[in-house]
Amino acid sequence: MLMSQLYSPTLRETPSEAEIISHKLMLRAGLMRRSAAGMYAFLPLGLRVIRKVEQIIREEMNAIDGQEVLMPIIQPAELWEESGRWKDYGDEMFRLKDRQGRQFCLGPTHEEIVTALVRSEVRSYRQLPLRLYQIQNKYRDERRPRFGLMRGREFIMKDMYSFDRDHETLDQSYWAAYHAYKRIFERCGLEAHPVEADSGAIGGDVTHEFMVLAESGEDLVLFCEACEYAANAERAEGVRVPVQEGEKTAFEPLETVATPGASTIDQISAFLGVEPKDCIKTLIYLADGKPIAALVRGDHELNEIKLKKFLQCVELELADDETIFKVTKARTGFAGPVGLSIPCYADYAIEHIANAVVGANKDDHHTLNVNLDRDFQVTAFTDLKETQPGDPCPRCSGTLQGARGVEVGQVFKLGTKYSDAMSATFLNEDGKETPLVMGCYGIGVGRTVAAVIEKNYDEDGIIWPLSIAPYQVVVVPVSMKDEAQASAAQSLYEELQAEGIEVVLDDRDERPGVKFKDADLIGFPIRVTIGAKSLEQGQMEIIWRRTKEKQSLPIEAIVPTIKNFLRDGDQI
Ligand SMILES: [Zn+2]
């Protein structure tokens, strides 16, 4: 490729829309351009990187007997109604109608389509296991699209779906995909850590996310310093510590005091001069329309995912002011567990608090010295708090540490959630009609590229791993006006091409500084500079992008050196 022809408009300044490094560099290096919030056009260099990641994914999926298919992006509402997700998916789903008024959506994921695809064809256990995958655009109308490819509304995803006869063989499909994912990210030059996660709207019980640790990550990952335990913070388990004998003594008498206008934990603790950890936060929720109370320690945050899972409800939302008044007889901000007649669920930490401060269920009042059993009962104790760095490990006696992470992939055991809802069955060995046991496995292709950049850059630009670099080599003659340089560059360019090496010749009539800056910004792993002086001595200079090391070599050694380097792949 000739640089003068390449459509790769580079930018000297960072566009104001970009906040994180991968987003800035993808715009500056001319890899992509924004067309609407969360939607991007890939330019030639960007698309080459995307295609290389896709190819790695394809090879690893094929290696575990995945078969590639391509399903429609536009999906009929009826299938989503069968699974019950037409409603559940909410505003994140892009919906549209055809000319007859039939409803469709732009696929945010493909469980429904793929289940419908196999249910009429797969009849016997002999056709199983079946693993189908595709690489395609997905659509989610994110409330806050941001960070370029990290959180887009249109994004490229590889999604695989496995169909098995039972949970044992699902286990094999699941771990095959898990290990394929490890290889995929390794081949992309990424260290991705599998962590326990929540299954969210997809459903299912067992799931791992693959996380790349990076400051810009939107997720908090907790991992144990002593054992292998690692989990997304929203999923990380809390530990129930038994109450020690004599831990809680000297129960003081109940006292209700006026706390005018103080309704938040911060306001209360400041007003009464108590620590937030000695207060109990009482949150009133509507779980499938029914009011319940949830208690967490004042300095803890409630994790709604855990509460929802524990209650096994479909919808969970904070109660409105009217409901709160009906339940507590007070304005929002003054609820407490004493005398409440709705079910009350408490986090484990509540067991340990003596003489707590709680809302008095009376406007502008709080109650002091509240004690479990003596003053209030709970329906059940469970793990409700947001787990934090510094909390104990749920698997050993170690302590959890935190790091920001970018989720690049996720594997799920779905079980029979979709096959039950959509009647996707097969005949087992005994001739009995049995639901297909499913798994699903996603990789964000664009997000993987962004994560690679987050981990591979310097002040001059991107440093591509060899495996996914848009081109491996750029040949830069210092002056195209110098005939000797131009012709030496042209023959090197042709020789590299003949060797099957991906090479760009910077044939632009630009100052060398401009060419070098662009080469570093785009991040070609290898640059060959051809200058007048070295050429006279029969030499050219190789510059390795990652280390910035320079090497002057005889002209005839250039191609073999590059070939060796590409073969050994010592920079991945
Ligand atoms: Zn541990």
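Predicted model: local features only at pLDDT ≥ 70, side-chain atom pairs only at ≥ 80, totals over all residues.
**Entry 1**

In which sense do strand β1 and strand β2 pair, and over how many bridges? I looked this up and found that β1 (residues 32–36) and β2 (residues 39–42) pair in the antiparallel sense over 4 bridges. I noted that two strands pair if DSSP finds at least two bridges between them, and that helices (H or I, at least four residues) and strands (E, at least two) are DSSP runs numbered from the N terminus.

Residues are numbered from 1 along each chain as its sequence is written.

**Entry 2: domains**

I looked up the domain assignment of the chain, whose bounds come from an automatic or database assignment, and it gives domain 1 (21–236 + 402–453), domain 2 (255–382) and domain 3 (471–568). Taken over C-alpha atoms, the centres of domain 2 and domain 3 are separated by 68 Å.

**Entry 3: helices against α11**

At roughly what angle do the axes of helix α1 and helix α11 cross? I found that the axes of α1 (residues 21–28) and α11 (residues 445–455) come within 8 Å and cross at roughly 100 degrees. That makes α1 roughly perpendicular to α11; here I noted that angles under 35 degrees count as roughly parallel, over 145 as roughly antiparallel, 65 to 115 as roughly perpendicular and the rest as oblique. Axes are lines fitted to C-alpha atoms, for helices over the stretch in contact, and angles run from 0 to 180 degrees between N-to-C directions. On the side of α1 the contact is made by Ile21, Ser22, Leu25 and Met26, and on the side of α11 by Ala450, Ile453 and Glu454, where two residues are in contact if their C-beta atoms, placed from the backbone, lie within 7 Å. Sorted by class, the contact of α1 with α11 has 5 nonpolar, 1 polar and 1 charged residues. In this sorting Ala, Val, Leu, Ile, Met, Phe, Trp, Tyr, Cys and Pro count as nonpolar, Asp, Glu, Lys and Arg as charged, and the others, Gly among them, as polar.

I then turned to helix α2 (residues 44–63), whose axis and that of α11 come within 10 Å and cross at roughly 110 degrees, which makes α2 roughly perpendicular to α11. Val49, Ile50, Val53 and Glu54 in α2 meet Val445, Gly446, Thr448 and Val449 in α11, and by class this contact of α2 with α11 has 5 nonpolar, 2 polar and 1 charged residues.

**Entry 4: a sheet of 3 strands**

I traced an open sheet of 3 strands in the order β13-β19-β18, with antiparallel pairing. Why is one side of β13 and of β18 left without a neighbour in the sheet? β13 (255–258) and β18 (356–359) stand at the edges, and each has a single partner strand, so one side of each has no neighbour there. Neighbouring strands of this sheet are turned by 30 degrees against each other on average, direction ignored. I also found that β18 and strand β19 (residues 365–370) pair over 3 bridges, and that the bridge partner of Ala356 in β19 is Val370.

**Entry 5: a sheet of 5 strands**

Here I followed 5 strands that form an open sheet in the order β28-β27-β29-β30-β31, with mixed pairing. The edge strands are β28 (503–505) and β31 (550–554), each of which pairs on one side only. Strand β30 (residues 539–544) and β31 run antiparallel and are joined by 5 bridges, with Gln539 opposite Pro554 in β31. Helix α15 (residues 555–568) packs on the sheet and touches β27 (473–477), β29 (526–530), β30 and β31, and its direction makes about 125 degrees with that of β31.

**Entry 6: backbone details in loops**

I noted that the peptide bond from Leu128 to Pro129 is cis, with omega near 0 degrees, and that Pro129 lies in the loop between α5 (111–119) and β7 (130–139). Gln312 has a positive phi of about 50 degrees although it is not a glycine, and its place is in the loop between α8 (304–311) and β16 (316–318). Is Gln312 buried or exposed? Gln312 counts as exposed because it has 8 C-beta neighbours inside 10 Å; a residue is buried if 20 or more other C-beta atoms, placed from the backbone, lie within 10 Å of its own, exposed if 12 or fewer, and partly exposed in between.
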